[in-house]
Structure formats: C-alpha cells, structure tokens
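Hi,

Here is the structure I said I would pass on. Have a look at it first, and my notes follow below.

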Amino acid sequence: MTVPAFSSERDLARRALDTARSRGATYSDVRFVRRQVEDAQVKNGALEMVDRTDTLGFSVRAIADGSWGFAASSVLTNAEADRIAALAVDVARASALTKISDVRLASVKPVTATYETAVEIDPWSLSFDDRLKLLFDADTAMRAQQPKLRTTRASYEIWREDKLFLSSEGADIAQRLTETGCSISAESVGDGEQQIRSYPASGGRNQNKAGWEFAQRWDLAGNAPRVADEAMALLTATQCPQDIRTTVILSANQVMLQTHESCGHPIEHDRALGTEAAFAGTSFLTADALGSYRYGSEIVNMRIDSTTPGGLGTFGFDDEGVPASEGWAVKDGTFVGYLMSRETAATIGRESNGTMRADGWSRLPIIRMTNVSLMPGNAGTLEDLIADTDDGIYMDTNRSWSIDDKRFNFQFGTQIGWLIKGGKRTEMVRNPTYTGITPEFWGSCDAICSKSEWSVWGTPNCGKGQPVQSGHTGHGAAPARFRNVRVGVVR
Ligand SMILES: [Zn+2]
C-alpha cells in the first residue's frame, strides 16, 4: 500500500471540523489534496516543453443556516485550519441570506477506507530520460517516414493525486490516484490545405487511471509511420461529399467524444436542475424526461460507472465520500439516470451515485462525469461493420466540434474519412463533418461493434464551472453505425 499516512493532515482536518461545528455548522467536510503532474512534449525532434507542478492544500465545505460555504488554503497550520473553517461557516451564513430553500443531503454511510489506482509500472519510478525516450522514438519515426511534414509532436502526462477526506459525519478516506496519458500528431501543409492526424485520440491526449504501461500499450512508435503517411495523404485527398444524407460509421475515439458531449454533459443533474448554467450549461434532459425519454435506439446503452478499470472517472470514493458505483444513464434507448451529488439526489428521493469531484484542493466539488460509456453491441469488429455496410463514410478521430448549451444540436468534424462502397473501405476523403440532433442521431444508431473493439478512453480537459475547473472523464466506446446522417453541411 502506497497511500500516504496523512498523520499531520488528519490532525488539522479534525481541528477544522471541530471549529466549523463550534461556529454553528450542521455539516462540514475537509479535503487535503496533493497533486503532482509532469507534462512533456517533443516537437520536430527537440524537447519543446516540460512542465512540473506539485501543489498541496486543503479546503473546508460547511453547511450553516441551510446554505453552503467554502474556503481553502495552502498554509498548513492550526491557526489556518481554524481560520479557514470559520471562514467557510461565515460564507455559508452570507449565502443563506439569498437561499431559496435549505440544503438537504441524501444519506451516505460514513466509512474509514483507503483506495489506490492499480498500477503496473509506477511512472514516477522511471528516470526522466526513460519517459522521454517514448516521445523521441515516436517523433523520429514520423519524420523519418515523411520528411515533408510541417510539425510532428509527441507528448505525455503523468499525474498523481493523494487525497484525504474527513466529514463531520465520521468519514475518513485516503486515496492515491495515478494517471498516464500520451499522444502523437503530425501536421502537413500544402496547396492551401492544412491537415493533421493524431493518435491514439484527437488534440489533447488519451489518458487512463493507470501507470506507464498505458503509454507503452499504444505503441506510439509503431503507429507513427501510418500517422505520418495519412497526414501527408490528406493534402491531396478528395473533399468529403457535401450536403448529403448517408450512413456514417464513427471510430471508437469519435464515439467517445460524441458520448461525452451529447450524453455525459446533459445527464449532469446540476445542469438539468438549472443550478449549473455557466460555461455552456443547462440540459435538454429535464426532470420530466427521467425514466421515459426516448434518447436513442434500443441498442443504445450508456453506463455511469466509476469502477471501470482504467477510466479517468474511476476511484474509490468521490469528493463527498460517496463510494464508486455503477448504473445506467440510458437503458435500451431510454434515459434513466443522472450524474448526481448528495444534494441533487435528495431532490428526487435517490441516493448519490458519487460524481462530485473538485479540480484540486482549492476548488469546490461539482458534478463531473465519472465514466460515461456506450456499451458494446454485437456487430463484431470494425472490419465486420464496414463489410456489412453498402454505402457510407467511415469517420475517424475528432478535429472540431460544436454543440449548443442544452446539448441538442451539434456538428462534429473528424481528421479523416474513407468512403465505403459495397462493404469495402475505398477512397480517403478530407475534412469530413456531420451534424445532428442528439435523440435523432442516437435514434439512428443501428449497430455497435462488439466487446473486442471496446476500450476505455479518457479526456483530461473537460471544462465546467466558474471559476472554470478542468475535469478528467472516462468513456468506454466501440465503433458504431448511424443511418441517414447529414454530412458535409457547414452551418
Ligand atoms: Zn466536457
């Protein structure tokens, strides 16, 4: 077990809880968080950037006079624990002046527990040079394959969070969460075109709750020549057909983002209740939709699961001390479940499914996607699915996206596409885009690849809240087919 003991932090946490109680808090909790991150990027054969951060601090959340207060500090002394606890209670009292109703919390069993991410190779145990080698090998392989590429990049992130949570209800939970992410990309320029291919996912990185074995598993150097070739080939590829309706097959990494934007965000209960309207908030999945709304076709099953191995939303307990859980967001096409907090769950008479997470010690926990996954179907492999398709377009890896605040109308573009004719992947096409309306689009899903094509993707850069918090969310996905989709429409 490598979870820290947190001895001195626990003493300060107990002191803060006592102070909050004596100041009149009816509930309080304290979180200590130490976060260590290292990002590195190689660009065009040279080390472009190394960014290391190591932060430690604590925060107090308190309910007084029926409202929330919050305060945080990076000064770890008895006097500061007292001051921050008292400040959280003062903020709660001030908030109560404008409250609509008293906060009620769904019950949770307070436990004493520890949890840590299962890791095969601790990335922090490797030398910096060992980690960099992965990037240089991949970058070199891209440039050797296609010397005319404008820009090649390879990057990784290693991330570790040690957390202690104590509540006035008696919870005492320590966790060590570890993440590893990686990415390569190749950019080409010519004839007025600029094209990009990246791997394993788009733009940012693909990241998992895992050790360095995750970065090794994707074989960046082995895939580098193909990524380089495709980036160059896109410069002279035919433009994707414009303004047609056709069958579209999306790659798993695009299904991942489609799920994130059009299912993960609208099932956030704070959006649905109208309490999260900032930063593209609110949702079309309002309270009256729960349990009856036809979200997609009968084969569409979306799971909310914070126990999925490797998922960025996988942990032992959320930042309210609620244990990891599994359940459904969409079952057989019907919308059945929200991502909830203790407070929002109480409004519909349910228990929290544990989705409250804060971006470090200085931020208030808010409802975040854990792992929201499209479950596999029975369409076999990607090649089986293409062979089963007479006419359509296969689209791979996100390039651009836009979606309205309610998460209803969307447009996505991918980096690359291939026409499908008579069950065969034929000509490569560039700049593919598709548009849709969330329930119509998922309603047109008639095939999802099988478990062998399903893997857990992670986006480490989901923005939400004011001040904005960056969330790490997980999404299991497999390639899927959608019928009668509008393609190539520029809005
Ligand atoms: Zn997001």
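**Cavities and a zinc site**

The largest cavity holds about 170 Å³ of space. A cavity here is a set of points on a 1 Å grid over the protein atoms alone where a 1.4 Å probe fits but cannot get out, and lining residues have an atom within 4 Å of a point. Points are joined across faces, edges and corners, and the volume is the space filled by probe spheres set on them.

Before you go further: this is a predicted model, where local features need pLDDT of at least 70 and side-chain atom pairs count only at pLDDT 80 or more, while totals for chains, interfaces and linings use all residues. Numbering runs from 1 along each chain as its sequence is written, and side-chain values use heavy atoms, with hydrogens and water left out.

Back to that cavity: 19 residues line it, and Arg35, Trp159, Arg357, Ala358 and His472 lie nearest its centre. Domain 1 (7-236) and domain 2 (239-487) both contribute to the lining, so the largest cavity lies between them; the bounds come from an automatic or database domain assignment. The second largest cavity, at about 50 Å³, also has lining residues from both domains, so it lies between them too.

Then there is the zinc ion, coordinated by His260 (NE2), His265 (NE2) and Cys462 (SG) at 2.1 to 2.4 Å. Donors are N, O and S atoms within 2.8 Å of the metal (3.2 Å for Na, K and Ca); water is not among the atoms, so sites may look incomplete. Along the chain the donors follow the spacing H-x4-H-x196-C.

Cheers

Key: On a 1 Å grid over the protein atoms alone, a cavity is a set of points where a 1.4 Å probe fits but cannot get out, and a pocket is an open set with protein on both sides within 12 Å along at least five of seven lines; lining residues have an atom within 4 Å of a point.
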